Amino acid sequence: MIKDIIQQNENTTPNSQQLAVLKEHFPACFKTDGSFDLERFKAEIAATTNVVQEGYELKFLGKSYAKLLASTDTTTVIQPNEAHNSLPENADSANIYISGDNLDGLKHLLKSYNGAIKCIYIDPPYNTGSDGFVYFDNFNYTKESLQEKLSVSEEEAERILELTKRGSASHSAWLMFMYSRLLLARDLLSDDGVIFISIDDNEQANLKLLCDDVFGEENLITPLYLQVRFAGKTLVEDAEIQKVVEIVYVYKRQTGTRLIKESVDYDIEKFKYKIIEKGEPTTIVLGDKQVDIFTKGNYEIVDDGSSLNNLKEIWATGKILDGNSSGRFFRDHLIGREKFDGLGTLYKVSGIGDDQYSYRYFTGPQKASATKGKYFQGVPKEVLVNFESKEKNIPIPNFENYAEDFGNIRHEGNIDFRNGKKPTILLEKLINYVVEKDSEATIVDFFSGSASTAHAVLQLNAKDSGNRKFIAVQLPEVLSPDNPAQRPYFDFLQELNLPTTLDYIGIERLKRAVAKIKEDYPDKLLDLGFKHFILSEPNQNTLDKLYSFDKAGLLADTSILDDFGKPTILATWLNADGYGLTINAETIDLAGYTAYYCQKHLYLIDGGFTLESMKALLRKYDAEGHFNPENLVLFGYSFPDWSINDMLEQNLRILNDGEKNLKINFTVRY
């Protein structure tokens, strides 16, 4: 377990993972001492690859260190939040929320979800100088150990330690922070998987080069440009340039993957419509209000300079534009033009519901005096089109205006989620580009923040009855009442008697989002729960026990089991063995001894395994055809007595040599 991982990490180098892949596919290129024969490798690939000496790559201080961090295993354990996970709405949920450092979280996820994730969205720190990003880590490397592991000079080792131990918000520190995480994220993606990464001007150029390095330049699908602020809100210092755009870089795992074109449920060729003419009132429902469109009487002309740019307001007041298409209404709401038999060209403007769009055209004088306050004397007509359900693909835009959504993001409970938090409407659109509603694909966000991505997944499922799943990872950053930006969150959590850490903002948001979804969609059967896990580092006292434990001492150390707890050991082992975080092991009674069974594994965690327990296990193998675990795993601190281990090995050998031709592996974990 942890001790095994610590010993394994001592022998890990920055290229350990890459060498393992090469050894699997090019074993002839490794010498008897285990070293890699580069010249032999060049010869192996020479027929199909042009091996050149010059190249283009991104280099930065700490790149090899970031590779080392990605290669070493995590020494954290997975602690289930049993009180939360046992609630009826969460017990069978396939959604996951992890409190912990995302570097550790990614390493745990790779053990069960390697190559299985269809979509990743992350909104990492932008390194603006005011977003709180400073790089720290708790890896206790010395200058000498870095020199040896990274093959770097003493000076470079010192500079890397400066970044990691004293904190830095430099470009190199940010790249080192992101590189290790993106290397792991790449391996999470399925062959047809896609990753979306939000960024602004501070690091967007570096992120592009970093992603080219990690995912391959050929796997960039596109940068998506988002208008996130209204013009005039933010100016570049000492320049008359308005800074209103952010970027979402979109990369695929493998060449050939394509985004799904956005689908709209209508068929323009087959539509139902009614014409509403001047003087004919009609009532529609907008939210909780009934509004008359085109009430009786004349209509006030709104000229190009009008401040009215809200469709609902125009409907509610009965105001219209003059007949040409250059008015402000059309500039703000025009989607396109369509030709209809018998009606000519109509101008398509913003929709009023999920299945309606408004089309508008004019008869009579095409233009009247644009003097505000005058009355239109022609005959305006509006067509409300109720489209029949049929998918129609429309191109994916490369620019979206979300300024209003970014400016009005609020969390349930009066918690303000402005300042860069992503609106769910944006995240729903991105997810829809990759994951179809009937898919059970999992969307991962390992910079979860206020849980916007998880919220978007739940909300999207509610809208289209989808079955998507989410995995969210958030660092439990301690919030400070002395920090003006964090004070509202701190007070909010304190009022609810919750831990005052950032991860609980996300947890509480999801609970409130679920309550709202249940209210809005009371008849839908949806997975609206989530399981919660905490990544915990063993304390120094426990580590001391691990190192001082004497395997030959014949005495079990039950305090080590108590330190971790059985639920934590089981959750960590199940995930490490590929079963994921949402499966539960079955308890098996072996003559009074409780073992834990999951598919190919049988776990013996407690001490007290006796000869009678062994006999019961043999009978179970013999009598129950469906019971056939191929791996027997022991918690070593509970089984120091060599005679117990010897008894298990001897009897398992008998099973392996028997008529059933079983192949049972026996492992002791520390």
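This is a predicted model: local features need pLDDT of at least 70, side-chain atom pairs count only at pLDDT 80 or more; totals for chains, interfaces and linings use all residues.

Two strands count as paired if DSSP finds at least two bridges between them.

Begin with strand S4, which spans residues 189-199. Nine of the eleven residues in S4 are buried, so the strand is mostly covered, where buried means under 20% relative accessible area. S4 has strand S6, residues 245-252, as an antiparallel partner, and six bridges join the two. Ile 117 is found opposite Leu 189 of S4.

Next comes a pair of helices. Helix H17 covers residues 487-495 and helix H18 covers residues 502-520; they pack at an angle of about 65°, and their axes are 11 Å apart. Their crossing is left-handed. Which residues of H17 and H18 meet? From H17 they are Tyr 489, Phe 492 and Leu 493, and from H18 they are Tyr 504, Ile 505, Glu 508 and Arg 512. Sorted by class, this contact between H17 and H18 holds five nonpolar residues, two charged ones and no polar ones.

Five strands make it up, in the order S24-S25-S26-S27-S28, with mixed pairing. At its edges are strand S24 (586-590) and strand S28 (665-669), each of which pairs on one side only. On average, neighbouring strands of the sheet are turned by 25° against each other, ignoring direction. S24 and strand S25, residues 593-598, run antiparallel and are joined by five bridges. Across this pair, Leu 590 has Tyr 593 of S25 opposite. Helix H21, residues 566-576, packs on the sheet and touches S25, strand S26 (601-604), strand S27 (631-635) and S28. The direction of H21 makes about 140° with that of S27.

Thr 667 sits in strand S28. Is Thr 667 buried, exposed or partly exposed? Its relative accessible area is 32%, so Thr 667 is partly exposed; that class lies between the buried limit of 20% and the exposed limit of 50%. Leaving aside residues up to four places away in sequence, Thr 667 touches Leu 632, Val 633 and Leu 634. Tyr 603 is 64 residues from Thr 667 in sequence, while in space the two are 9.8 Å apart, C-alpha to C-alpha.

Definitions and conventions
Residues are numbered from 1 along each chain as its sequence is written. Side-chain values use heavy atoms; hydrogens and water are left out. Helices (H or I, at least four residues) and strands (E, at least two) are DSSP runs, numbered from the N terminus. Axes are lines fitted to C-alpha atoms, for helices over the stretch in contact, and angles run from 0 to 180 degrees between N-to-C directions. Contact means heavy atoms within 4.5 Å. Buried means under 20% relative accessible area, exposed over 50%, partly exposed in between (1.4 Å probe, protein chains only). A crossing is left-handed if the near helix is turned anticlockwise from the far one by less than a right angle, and right-handed if clockwise. Ala, Val, Leu, Ile, Met, Phe, Trp, Tyr, Cys and Pro count as nonpolar, Asp, Glu, Lys and Arg as charged, and the others, Gly among them, as polar.
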